[in-house]
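These are my notebook entries on a model of two chains. I looked up salt bridges, the contact between the chains, helix packing and backbone exceptions.

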Amino acid sequence: MKYTQGKYLILKKSAIARNIYSFEILCPEVADVATAGQFVHIRVEGFTLRRPVSICGIDKNKGTLRIVFEIRGEGTEMLSHLNEGCLIDMLAPLGHGFTLNQDFRKVILIGGGIGTPPMLPIAEFYGSKATVITGFRSADAVILQNDFKSTGAETVLCTDDGSLGIHGFVTQPFEEIINSEKIDAVYACGPMPMLKNISRKAIEKNIYCEISLEERMGCGIGACLVCACRTKKNDEEYFAHVCKEGPVFNAKEVIFNG
Amino acid sequence: MADLSVNICGVDFKNPIIPASGVFGYGREYEELFPLSKLGGIATKGTTITRRNGNPSPRIAETPSGMLNSVGLQNPGIDYFIETELPNLLTKDTVIIANIAGSTVEECVTIAEKIDKTDVHMIELNISCPNVKQGGAAFGTSCASAENITAEVRKATEKPLIVKLSPNVTSIADIAKAVESAGADSVSLINTLLGMRIDINTQRPILKNNVGGLSGSAVFPIAVRMVWQVANAVKIPVIGMGGVSSGKDAIELMMAGASAVQVGAAIFTDPFAPVKIIDEMNEWLDSKNIKSVREIIGSVKPW
């Protein structure tokens with residue numbers, strides 16, 4: 001679980017949807033220890049705070065990581081100006097990732113929007129045992145569909161406006177599957193309302209469910225206690241920290257607002 | 001290799017650089033990156049009498065050359081600190097400064113009494129946290145209340161007592177004089193400046209607490225000014241902080257009158273910042289042929 005800070009070479013950059021970029025980064029010591037669900041904390045020149053970005057691919061043989069991020073503000077905009085051949089300053093790998101189990105026979109992966117990238121390493125682990133349900137605002141925001149297909153996983157695509165795939169939210173195909181098959185685990189990342197719905201339905205069906213949360217972050221390693229999220233620990237409310245105790249939590253432990 | 005050691009209230013520091021309270025936890029996470037023995041000291045996360053959950057998220061926001069935070073003193077409480085974190089910290093060959101905070105004077109006194117029985121090297125009494133509803137900065141914004149709480153905590157401990165001051169006051173020098181007269185051995189400044197950001201698309205403040213403490217490079221000139229004013233007003237040593245992110249910044253704050261320097265927000269940008277600052281100070285002193293960092297304390301030549 002050792003993390004390091006360093007400047008690493010961007011081998012490949014691609015624009016994969018509107019305002020969404022993919023970097024392949026050469027960082028053997030990070031790739032060597034990184035696991036699905038962890039994140040990297042990126043320094044952006046001219047900004048005080050680092051930007052956390054989830055890991056979308058880990059290639060231990062090539063010693064590379066892949067990250068996919070969306071321009072959300074000035075920091076990620078600046079990050080998107082980095083090109084192939086540039087160095088990227090990362091503190092990584094950070095956080096507590098997903099629990100993967102070789103014995104699981106059927107799992108569901110759910111990604112909402114820019115919450116989709118951390119699902120890819122899980123799909124690579126489970127292959128054809130996984131069904132990946134992804135949802136996006138519209139066709140121009142859809143990412144990673146071919147990457148998921150190449151893992152052997154079954155894919156289900158939804159868009160809010162119906163411009164591609166199923167017209168509607170990910171919760172609808174999710175419910176259909178859990179009502180018709182035995183599912184061993186659910187993994188999800190995306191907007192809070194989506195995570196709340198998925199968690200509630202998985203818990204009702206007694207399916208093991210892990211969700212990856214996002215929060216504005218400081219140090220990224222668990223020292224500053226900035227990125228608090230409400231959880232339950234021994235039936236008592238406990239402010240856990242997304243950067244160290246998360247970003248992945250057992251859905252049963254998370255307290256959702258409202 | 002210049003002599004970087006300083007002595008504050010009889011406590012020897014191998015160098016004047018101290019990660020500020022709040023950014024560094026109890027050092028465990030940073031020990032993965034560098035040995036804590038490289039640091040002059042560590043100001044530990046503010047400890048209250050019982051466990052606190054702190055404020056709701058979001059608790060942090062980027063600002064031009066800085067950041068706002070509103071953590072609200074989340075911490076596991078004094079007993080956990082003494083039993084679980086302190087024994088480990090005391091093995092790290094660096095000065096341990098226990099930062100304490102309370103909602104009432106009595107709470108601060110109780111915490112100080114408990115810490116007095118430990119091997120902590122110094123106590124830093126926080127009378128300047130802008131992010132808690134009770135206590136916090138309320139103690140630090142009037143001379144009378146600052147003097148009162150300092151005098152009460154002073155009675156509770158023999159340890160060197162640093163009082164951490166708020167910049168959100170009319171005259172920080174007057175507050176410094178008040179705590180000096182009440183028995184403080186040192187003052188540290190500046191805590192964060194109260195600030196606010198609003199997301200103009202949602203019309204909502206970015207911080208759930210609405211307001212928070214501003215830190216980072218943006219506040220550095222204010223820190224230099226306040227350290228200079230306070231150093232001229234009191235006889236006790238001043239520990240400076242506020243936006244220090246390089247060895248040159250640390251030198252500047254010491255020239256203004258600081259005997260040691262705490263580093264906060266810069267650690268978020270670069271976790272190695274304290275170690276780099278120590279190296280940069282050493283290089284600068286060598287380049288100027290200055291034998292000891294102590295020579296530069298308060299050495300500014302004002303017009």
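**Salt bridges.** I counted 22 salt bridges over all chains, taking as a salt bridge a side-chain nitrogen of Lys or Arg within 4 Å of a carboxyl oxygen of Asp or Glu. The model is predicted, so I kept to its limits: local features need pLDDT of at least 70, side-chain atom pairs count only at pLDDT 80 or more, and totals for chains, interfaces and linings use all residues. Side-chain values use heavy atoms, with hydrogens and water left out; residues are numbered from 1 along each chain as its sequence is written, and chains are lettered from A and ligands numbered from 1 in the order in which they are written.

Between chain A and chain B I found 4 salt bridges. In one, the side chains of B:Glu29 and A:Lys244 meet at 2.7 Å, N to O. Another joins the side chains of B:Glu32 and A:Lys2 at 3.9 Å, N to O. I traced this pair across the chains: B:Glu32 is in the loop between helix 1 (28-31) and strand 4 (41-43) of chain B, and A:Lys2 is in the segment before strand 1 (4-17) of chain A. Helices (H or I, at least four residues) and strands (E, at least two) are DSSP runs, numbered from the N terminus.

**Contact between the chains.** I noted 31 residues from chain A and 32 residues from chain B in the contact, where contact means heavy atoms within 4.5 Å. The buried area between chain A and chain B is about 2700 Å², and carbon and sulfur atoms give 54% of that. In chain A, A:Thr48, A:Arg216 and A:Phe239 lose the most area to chain B, together 23% of what that side buries. Buried area is here the accessible area (1.4 Å probe) that two parts lose on being put together, summed over both.

**Helix packing in chain B.** I took the axes as lines fitted to C-alpha atoms, for helices over the stretch in contact, with angles from 0 to 180 degrees between N-to-C directions. Angles under 35 degrees count as roughly parallel, over 145 as roughly antiparallel, 65 to 115 as roughly perpendicular and the rest as oblique.

I began with helix 4 (residues 143-156) of chain B and helix 5 of chain B, whose axes come within 8 Å and cross at roughly 30°. Helix 4 of chain B and helix 5 of chain B are therefore roughly parallel to each other. On the helix 4 side of chain B the contact includes B:Cys143 and B:Ala146, and on the helix 5 side of chain B it includes B:Ile175 and B:Val179. I sorted the residues of this contact into 5 nonpolar, 2 polar and 2 charged. Here Ala, Val, Leu, Ile, Met, Phe, Trp, Tyr, Cys and Pro count as nonpolar, Asp, Glu, Lys and Arg as charged, and the others, Gly among them, as polar.

Next I looked up helix 5 (residues 172-181) of chain B with helix 6 (residues 220-233) of chain B: their axes come within 9 Å and cross at roughly 40°. Helix 5 of chain B and helix 6 of chain B are therefore oblique to each other. The division is 6 nonpolar, 1 polar and 2 charged.

B:Ile251 and B:Met254 of helix 7 of chain B are among the contact residues, as are B:Trp284 and B:Leu285 of helix 9 of chain B. I sorted this contact into 8 nonpolar, 1 polar and 2 charged.

**Backbone exceptions.** Most residues other than glycine have a negative phi, and most peptide bonds are trans. I noted a cis peptide bond between B:Ser57 and B:Pro58, with omega about -5°; B:Pro58 is in the loop between strand 4 and strand 5 (60-63) of chain B. A cis peptide bond also joins B:Leu189 and B:Ile190, with omega about 10°. B:Ile190 is in the loop between strand 10 (186-189) and strand 11 (193-195) of chain B.
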